[in-house]
Amino acid sequence: MYTTSYYTKLLREGKISRRDFINKTVVVGASLPVAMSLTNQIAMADSPNKGGRFRQAITGGSTGDNLDPALIMDMYMANVSFGQLRNNLTEIGSDGNLIGELAESWDVSDDAMTWTFKLLKGVEFHNGKTLDAEDVVASINHHRGEDSKSAANSIVESIKDIRTDGKDVVIFELSGGSADFPYLLSDFHLSICPAKDGSIDWQSGVGTGGYVLESFEPGISTETRRNPNYWKEGRAHFDEIETLFMADVVARTSALQSGAIDAMTRVDLKTAHLLERNPELNVIQTTGNQHQTLPMLTNVTPFDNNDLRLAVKYAIDREQWLKIIANGYGAIANDHPIGPANTYYDAEIEQRTYDPDKSKFHLKKAGYDSVDLQLHTADAAFEGATDGGILLKESAA
């Protein structure tokens, strides 16, 4: 029989409702007043407290990292730049809907080619400079142009012109209509930095975010402190944040268990269930937009043949991947990056399944009786990628 402490853990993790918690704890022996008191205590305990030092160990760092938002390639710098130091014009809320961040509001022309963004007034950068439209123009232009090395260059290539209309209004002229343009501006590369000498000051790490940069050692650690003038209410609760780069999952797990850190990313899915047994730890699973992929270069033989690609897709046993590789932590994808957390997710699309007969059919249609394919994989891509490669080899055979 489950205990009150078990249901308390579920309530803390948001896996059962308050009503279900009360009903279930009463069934296992708690009185109604005690059950209701517990829910109130949990709610109070889970309310954010100001102060303290938060220590996190995450992956995706490199000694080649820098503070240029255009060159963010992985999780570590996205967390530091996008999560702590800077803000965007728009953001995707926790419910998956688009909301304004530095933009107070926006309007669009009937043809969706002209977008006008009105900025929040009174927002300050860490150095005391007041945010204005010139900062936004310079920050977006940082990613534009044929010579741009920005990972967001393709996102902003539809921008034909940007101009200001006073200090608080920015106007974007697009080369074609785009109903998704405000969504694109929430991309983690497109954070706003202070304008400087016709470009932006990204070297200092100055932004409008909840935390101010104290130190930055690429591939090692980053120290930040709370921005005392942060303009967002109910955010930036810690006094300080220490962000450590730890590539090795064993090292991250050991640090967490010993109390050397407070949180870690990319838990080893093979041992996640063991961490869940520790009453001092919370293993939190969220439905996000991260997806694991096996890319095929469609401009390279033999992957330039769609039937060959379909043969590979039908040779993947997705149920086994979810059970063995992901240990049940996740959901089966369907050869596109639009998952359940995405606004545009369509559950009615027929799920592609493991089907050796269809795989053989498309292989033959592609002109092959059999084919030898090389799969290059490493756990740097995602935890379990190497084991997944072995599983794919077996199911394809």
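1. **Ground rules.** This is a predicted model, where local features need pLDDT of at least 70, side-chain atom pairs count only at pLDDT 80 or more, and totals for chains, interfaces and linings use all residues. Residues are numbered from 1 along each chain as its sequence is written, and side-chain values use heavy atoms, with hydrogens and water left out.

2. **The overall count.** The protein chain has 13 helices and 13 strands. Both are DSSP runs numbered from the N terminus: helices are H or I with at least four residues, strands are E with at least two. Of its 397 residues, 39% count as buried. Buried means under 20% relative accessible area, exposed means over 50%, and partly exposed is in between, using a 1.4 Å probe and protein chains only. Take the contacts (heavy atoms within 4.5 Å) with a separation of 6 or more: 59% of them join residues 24 or more positions apart.

3. **The five-stranded sheet.** Look for an open sheet with the strand order β10-β11-β12-β1-β13 and mixed pairing. Two strands pair if DSSP finds at least two bridges between them. In general, strands of a sheet pair through backbone hydrogen bonds, either parallel or antiparallel. Here the edge strands are β10 and β13 (263–264), each pairing on one side only.

4. β11 and β12 run antiparallel, with five bridges; T224 has I241 of β12 as its bridge partner. β12 and β1 pair in the parallel sense over six bridges, and R53 stands opposite E240 in β12. β1 and β13 are parallel too, over two bridges, with A57 partnered by M264 of β13.

5. **Helix α4.** Which residues of α4 (residues 75–85) are buried? They are Y76, M77, A78, V80, S81, Q84 and L85.

6. **The largest nonpolar core.** A nonpolar core is a set of buried Ala, Val, Leu, Ile, Met, Phe, Trp, Tyr and Cys residues joined through side-chain atoms within 4.5 Å. The largest one here holds 25 residues, and L89, I140, I159, V170, F172, F181 and L185 touch the most other members. At least two residues each come from β5 (114–119), α5 (133–141), β6 (159–164) and β7 (169–174). The largest share, four residues, belongs to α5. As background, in soluble globular proteins nonpolar side chains tend to be buried together.

7. Leaving aside neighbours within four places in sequence, V170 is in contact with W115, T116, F117, L119, A133, V136, V137, I162 and R163. There is also a second, separate core of 11 residues, with A57, M246, V249 and V283 among them.

8. **The second largest pocket.** A pocket is found on a 1 Å grid over the protein atoms alone, as an open set of points (the 1.4 Å probe fits) with protein on both sides within 12 Å along at least five of seven lines; lining residues have an atom within 4 Å of a point. What is the volume of the second largest pocket? About 180 Å³, where volume is the space filled by probe spheres set on the points, and points are joined across faces, edges and corners. Its lining is V249, D268, L269, K270, I324, I325, N327, D379, E383, G384, D387 and L391. Two or more of these residues come from each of α11 (318–325) and α13 (385–396).

9. **K149 in its loop.** K149 is in the loop between α5 and α6 (153–156). Buried or exposed? K149 counts as exposed because its relative accessibility is 75%. Not counting residues up to four places away in sequence, K149 touches A70 and L71. K149 and L71 are 78 residues apart in sequence, but 7.5 Å apart in space, C-alpha to C-alpha.

10. **Backbone details to check.** The T301 to P302 peptide bond is cis, with omega near 5°, and P302 is in the loop between α9 (272–276) and α10 (306–313). D197, a residue other than glycine, has a positive phi near 50°; D197 is exposed, at 76% relative accessible area. A236, also not glycine, has a positive phi near 55° and lies in the loop between β11 and β12. A236 is buried, at 12%.
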